[in-house]
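Keep the 3D view open as you read.

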Amino acid sequence: MSKHLKRLYSFLIFAFLYAPILVMVVYSFNGIKSRSVFEGFSLQWYKALFEDSLILESFSNSLIIAALSALIATVIGTFAAVGINKMKKRTRSAYLFVNNIPVVNPDIVTAISMMILFVFFVSVTKMFEMGFWTLLIAHITFNIPYVVLNVLPKLRGMDNNIYDAALDLGCPPIKSFFKVVLPQIMPGIVTGAIMAFTLSLDDFIISYFNSGTSFQTLPITIYSMTKKPYSPKINALSTLLFVFVLVLMLIVNLRQTRTAKDKKKKEKS
Amino acid sequence: MMKTKKPFFSAKNLTVTPYAVWMVLFVLIPIGLVVYFAFTDANGTFTLENLSYIKRYAETFWLSVELALISTVICLLLAYPMAFIIAKMPTERQGSAILLIMLPMWMNFLIRTYAWMTILENNGIINRFVGMIAQWLQIEFEGFSMINTNGAIVLGMVYNYLPYMILPIYTVLTKIDNSLIEAARDLGSSSVHVFRRIIAPLSVPGVISGITMVFVPAVSTFIISYLLGGGKTYLIGNIIENYFLGSSGAINYNVGAALSLLLMILIVVSMGIMNHFDKDSESVGGGMIV
């Protein structure tokens, strides 16, 4: 492919990917309540957004669920990976098969399968209702497999001799685990935790079926906004989210390039 | 002779126990419940009625498969060249390019799909823009009807899932050993030949995980068809949703479970077909973790 053709092609793909986002950003500053005509610049929709207590509350709900589910999934998943790594091949594949079910299954199937369980449980015990707890359990469930999938390769790539050496030198197993194994698999744990957090923050389908009516996360609120008559508040919200993600990604990217540069420097000296 | 029994709770087991309990409770039992509900009626007695009842959705089912397949093919055709271009960029620019591909994925997909409504509507941006040009040229223009068509649904699917196709293909392309390509070149292969005999076969695992990552969410979506298809087009996902969260008269977990079971079987079958093409790769979705 010639250089120009390549450039044109990349440009078109990026234009396609960013066109709707650009439209949202532009119309978030619209002076009038229209999604086709643009008239005058205004910040009124941002003001309206910050006065909407439902949106703010569901945003904080989303953060709480994402943080808690990521934390719990990371702990359960990391310990599971340690155990799975030591298993014989056949047992390990059985575990990994089950681990892959929520990853491979369509979200809607995972969602309704858990919903049936929760509804069944609620109708039998007559004690709980769908809400915070069912949502948290559902999020932990779809997060755990991703933690396992991120930690396991790090365990397999690890040099077991160092752990054995620590044991030989009289370090108790639990202490050796925290001092020797954990630091080596940390990158996998961190990636898994971040992935779990973002997946949970972004999830709509599983939350939609398992949240009941009392507890709403941000994507559920956005969904109910799309059902109501058009409000440019949704554009303002999207723009803010986009800027937030953009800044976050830039920071991560800068840090990565910096550490890469530092590494290069170290190698040179 | 006495056998030395392994203690049930060895340290190894102990670390997996919470996980095993969790997965049984919230993954295996729910799947079992789906199967149970699919084969029973409201009173819990065994029946095959749900399975025969869902025959009426055959047309919807095939429409979902058809739209998802079309979207998957378009994604593949668009994504492969893009992944190839990025993989051939200088290393320091590859990171930024991948970042740009991933950035829209981090916006909630409801918002992104909703934005397309603004663009495609009868009174939307495209129609107004073309209308302005038509007025300027003094041609009569009645406007395209784009929203609420199957085309709009395919567009929404391609838009939402294109990055899922680009990323795994890019990952496998960067892993191809350059010396293989150089060796082929040295031995007189043309670019087309190098692509056909080396690059294409070696990128199969990425293509396979891309296809699964696009097809599975596309075939089971209910949001894209709801937002861009209007009330007109119902896909299998919409029907399942309606059986679980629709108006109180419409709710029927048993039929909904039967449809979900069918969807699961479809996914398992298509994964089986996919794995047939890709015997070497160890796990499904291997290219997923970037």
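Helix 3 of chain B and helix 7 of chain B cross in a right-handed sense; a crossing is called right-handed if the near helix is turned clockwise from the far one by less than a right angle, and left-handed if anticlockwise. Before going further, please note that this is a predicted model, in which local features need pLDDT of at least 70, side-chain atom pairs count only at pLDDT 80 or more, and totals for chains, interfaces and linings use all residues. Residues are numbered from 1 along each chain as its sequence is written, while chains are lettered from A and ligands numbered from 1 in the order in which they are written.

Two packed helices are described by the angle between their axes and the distance between the axes. For helix 3 (residues 58-87) of chain B and helix 7 (residues 150-175) of chain B, the axes come within 6 Å and cross at roughly 40°. Here axes are lines fitted to C-alpha atoms, for helices over the stretch in contact, and angles run from 0 to 180 degrees between N-to-C directions. Helix 3 of chain B and helix 7 of chain B are therefore oblique to each other (under 35 degrees counts as roughly parallel, over 145 as roughly antiparallel, 65 to 115 as roughly perpendicular, and the rest as oblique). Their contact has 25 nonpolar, three polar and no charged residues. In this scheme Ala, Val, Leu, Ile, Met, Phe, Trp, Tyr, Cys and Pro are nonpolar, Asp, Glu, Lys and Arg are charged, and the others, Gly among them, are polar.

Now pick out B:Tyr159, which lies in helix 7 of chain B. B:Tyr159 is buried, with 23 other C-beta atoms within 10 Å; a residue is buried at 20 or more such atoms, exposed at 12 or fewer, and partly exposed in between, with C-beta atoms placed from the backbone. Leaving aside residues up to four places away in sequence, B:Tyr159 touches B:Arg112 and B:Trp116, where contact means C-beta atoms within 7 Å.

Stepping back, chain B has 13 helices and zero strands, both being DSSP runs numbered from the N terminus (helices are H or I, at least four residues; strands are E, at least two). The radius of gyration of chain B is 24 Å, well over the 19 Å that the globule rule gives for 290 residues, so chain B is more spread out than a compact globule. That radius is taken over C-alpha atoms, and the rule is 2.2 Å times the number of residues to the power 0.38. Along its principal axes, the C-alpha trace of chain B spans about 90 × 65 × 30 Å. Buried residues account for 40% of the 290 residues in chain B.

In chain A, 39% of the 269 residues are buried.

Key
Two residues are in contact if their C-beta atoms, placed from the backbone, lie within 7 Å.
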